Amino acid sequence: MIYRKLDEFSPDFLWGSASAAYQVEGAWNEDGKGPSVWDEYVRIPGTTYKDTNGDVAVDHYHRYKEDVKLMADMGLKAYRFSIAWSRIYPQGNGEVNEEGLKFYDNLINELIQYNIEPIITIYHWDLPQGLQDQYGGWESRKIIDDFNEYCITLYKKYGDRVKYWVTLNEQNVFITHGYEKAVHPPKVTDKKRMYEANHIASLANAKAIQSFRKYVPNGKIGPSFAFSPIYAFSSKPEDVLALENVEEISNYWWLDVYCWGEYPKIAWKYLSKLGLAPTIEAGDIELLKAGKPDFMGVNYYRSGTVEMNPLEGGVEEAVAKMNTTGKKGTTAESGVPGVFKSKNNPYLEATNWDWEIDPQGLRIGMRRLTNRYKLPILITENGLGEFDALENDNVNDDYRIEYIKKHIEACQEAITDGVELIGYCTWSFTDLLSWLNGYQKRYGFVYVDRDESNEKDLRRIKKKSFHWYKNVIKTNGQQL
């Protein structure tokens, strides 16, 4: 639809920004924190861009007061951050580390002092290494209870002050990248193990939500999903069928389980024929159905475009050709024979990391979610990773302003369509470590003075986008 006048953002709309513990905190082995799988994984040469790691990251652990003060200066309404599981339980289970609890207690109180709504992400990929060593992490059902105990500890400690909670961040990414594509820990290439681990993670998510109802009855909880709505490359029925294939296998496989507690039928039958469908035990479906979220968290960066891929001689997954350097055009086509093949969308520009820039894709995606699941949506991540140049203590990132502006406009159009949108959290507030891409891929409103080889002084410098977003918040989205 094209409207003459758009609905306004609600007065309590959460204009926010986000981060993740491993990517910002540093202090990787301080105050009783145990190692995570990422603390170990980055020691393997060649796994990350220029072998970068999060040992120091941007030192948010020691500078959180300075960072929160910057958030307050911006007028931020919400800050989404993750809690490092191994900072609370150094081995993943066993004894609680009080120093870890204290850090997040202080961070939450600091945010509240400035009237910034804290949004906790319980799990953002940094599994305690202890659990990986004890029983293989997400491949064992033992993790369901350990994750639940960890969650309950957080609910009891922070539930009196924190209303919004995110259970698992991008389960579809950390599971596929860890167990199928072997570019995240535990660096496995085995689709059967991937689908089994994914099912266990879904059960852990559902149990955590079930417990949440008891300990934080007035709060809101849901997972964050890395959502890429899919387009057909052409109007050929074969390409439209490829679109349907990808939506079933790459989106609904997770979303249907989160919202309805059941797997999509077409994808289930397809994976069963290949011997890849996960093991369903007694009580699993009942637990999944008991874990319906209050909202759907959406991490949106790009849409996807596909065409049919022949069964014989079709393009295979091109894991090794992921663009982690920022050299535009180095991402190879990939796909699954008989299912789909990825295509560059000729109507869209792309970033230096080959991610299509598609604000309308966000609107399209939210409409699809609203029509299918009828849940409120919280945009938990959206932003632009690019090379930023610091010149005379200034960063003129007009490209980031343009990107976020267009996506906010898409949000307002979606609200006018009928989407119930709780808030919009950019990725990210400060620059941070971009998992596989190092420090050169910058996302923040605040420039952090460091690079891959030198931590420098870690000075915080407001970019042009900082002042722009401040005005967006001040005018509740009326001035973009």
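**Exercises on a predicted model**

Just after helix α10, G261 takes a positive phi of about 75°. This is a predicted model, in which local features need pLDDT of at least 70, side-chain atom pairs count only at pLDDT 80 or more, and totals for chains, interfaces and linings use all residues. Residues are numbered from 1 along each chain as its sequence is written, and side-chain values use heavy atoms, with hydrogens and water left out.

**Exercise 1.** Compare the span of α10 with that of a straight helix, and find where α10 bends.

*Solution.* 
- Start with the term: helices (H or I, at least four residues) and strands (E, at least two) are DSSP runs, numbered from the N terminus.
- Next, the expected span is 1.5 Å times one less than the number of residues. A straight helix of 24 residues would span 34 Å, but α10 (residues 237–260) spans only 29 Å between its end C-alpha atoms.
- Now look at Y252, where α10 bends by about 55°. That bend is the angle between axes fitted to the seven residues ending there and the seven starting there.
- Finally, 17 of the 24 residues of α10 are buried, so the helix is largely enclosed by the rest of the structure. Buried means under 20% relative accessible area, exposed over 50%, partly exposed in between (1.4 Å probe, protein chains only).
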